[in-house]
Amino acid sequence: MRATASQQASQQVAIVQFSDAGERLKTVQVPKIVKSEEAWRQQLPAGVFDITRHADTEIAYTGKYWNLHDQGLYRCICCDNALFSSETKFDSGTGWPSFWAPIAAENVRSTTDTSYGMVRTAVSCTECDAHLGHLFDDGPEPTHLRYCMNSASLKFVAHRTR
Ligand SMILES: [Zn+2]
């Protein structure tokens, strides 16, 4: 018998918490966030719902963050899990916000995506399974990875400067 969404609701996942200032706090076990289609649809704007819950992709150069260079961190639009830091963001020339590493390996998850006749690596949020984007191996030093993300999946939190 296949597990239903409600049976999976008690699954625990490990994530690393970060303060809004970007400080690494601690690794915690949290229950994986599982919500119905309807609950996500009510929480999220339509475009964000399609991208995060149905792996849609925003049109290049249309998102909020591809050209943002401010210092801060990027959280999951669905659940606030910390995903990326401005410290690993780079200009990929693709029109999507691109990073060479996640803020913590625990906080994102990679899976094989065979949609559209391509074999790609999809990246999602560990805590709530939001689709974030795809992972490629043509990034810069030091990892040579390129996390090609949708702005719509992210929420930028600026580091306060005084
Ligand atoms: Zn999330």
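Here is a walk through this structure, from its overall build to a few local details. What you see is a predicted model, so local features need pLDDT of at least 70 and side-chain atom pairs count only at pLDDT 80 or more, while totals for chains, interfaces and linings use all residues. Residues are numbered from 1 along each chain as its sequence is written, and side-chain values use heavy atoms, with hydrogens and water left out.

Let's start with the whole chain. The protein chain has 3 helices and 11 strands; helices (H or I, at least four residues) and strands (E, at least two) are DSSP runs, numbered from the N terminus. Reading from the N terminus, the elements go α-β-β-α-α-β-β-β-β-β-β-β-β-β. The C-alpha atoms fill a box of roughly 50 × 40 × 30 Å along the principal axes. The radius of gyration is 15 Å, which agrees with the value near 15 Å for a compact globule of 162 residues. That radius is taken over C-alpha atoms, and the globule rule is 2.2 Å times the number of residues to the power 0.38. Of the 162 residues, 45% count as buried; buried means under 20% relative accessible area, exposed over 50%, and partly exposed in between (1.4 Å probe, protein chains only).

Now for the strands. Two of them pair if DSSP finds at least two bridges between them. Strand S1 (residues 12-18) and strand S2 (residues 24-31) run antiparallel and are joined by 6 bridges. Within this pair, Ala 14 sits opposite Gln 29 in S2. The hairpin of S1 and S2 has 5 residues between the strands, and there Gly 22 takes a positive phi near 90 degrees.

Further along, 3 strands make an open sheet in the order S4-S3-S11, with antiparallel pairing. Its edges are strand S4 (82-85) and strand S11 (154-158), each of which pairs on one side only. From one strand to the next, the twist averages 30 degrees; here axes are lines fitted to C-alpha atoms, for helices over the stretch in contact, and angles run from 0 to 180 degrees between N-to-C directions. Strand S3 (residues 72-76) and S11 are antiparallel, with 5 bridges joining them, and Leu 73 faces Val 157 in S11.

Another open sheet is built from 6 strands, in the order S5-S6-S10-S9-S8-S7, and its pairing is antiparallel too. Here the edge strands are strand S5 (89-90) and strand S7 (108-113), each pairing on one side only. S5 and strand S6 (residues 98-99) share 2 bridges in the antiparallel sense, and Lys 89 stands opposite Phe 99 in S6.

Next comes the metal. A zinc ion is coordinated by the SG atoms of Cys 76, Cys 79, Cys 125 and Cys 128, at 2.3 to 2.4 Å. Donors are N, O and S atoms within 2.8 Å of the metal (3.2 Å for Na, K and Ca); water is not among the atoms, so sites may look incomplete. Along the chain, the donors follow the spacing C-x2-C-x45-C-x2-C. The arrangement is tetrahedral because the 4 donor atoms subtend angles of 101 to 115 degrees. Four donors count as tetrahedral if all angles lie between 85 and 135 degrees. Cys 76 counts as buried because its relative accessibility is 0%, and Cys 125 is buried at 0% as well. Cys 79 also counts as buried, at 15%.

What about disulfides, meaning pairs of cysteine sulfur atoms within 2.5 Å? The count comes to 0. Cys 148 is in no disulfide, and the nearest cysteine sulfur, that of Cys 76, is 17 Å away. With a relative accessible area of 9%, Cys 148 is buried.

Finally, have a look at some loops. Gly 117 lies between S7 and strand S8 (120-125) and is exposed, with a relative accessible area of 78%. Gly 117 and Asp 70 are 47 residues apart in sequence and 36 Å apart in space, C-alpha to C-alpha.

The loop between strand S9 (131-136) and strand S10 (146-149) holds Pro 142, which is joined to Glu 141 by a cis peptide bond with omega about 0 degrees. His 144 is found in the loop between S9 and S10. Its phi is near 60 degrees, a positive value in a residue other than glycine, and His 144 is partly exposed at 39% relative accessible area. Tyr 61, in the loop between helix H3 (46-54) and S3, has a positive phi of about 65 degrees although it is not a glycine. With a relative accessible area of 46%, Tyr 61 is partly exposed.

Notes. Four donors count as tetrahedral if all angles lie between 85 and 135 degrees; four count as square planar and six as octahedral if opposite donors are over 155 degrees apart and all others between 65 and 115; anything else is irregular. A disulfide is a pair of cysteine sulfur atoms within 2.5 Å.
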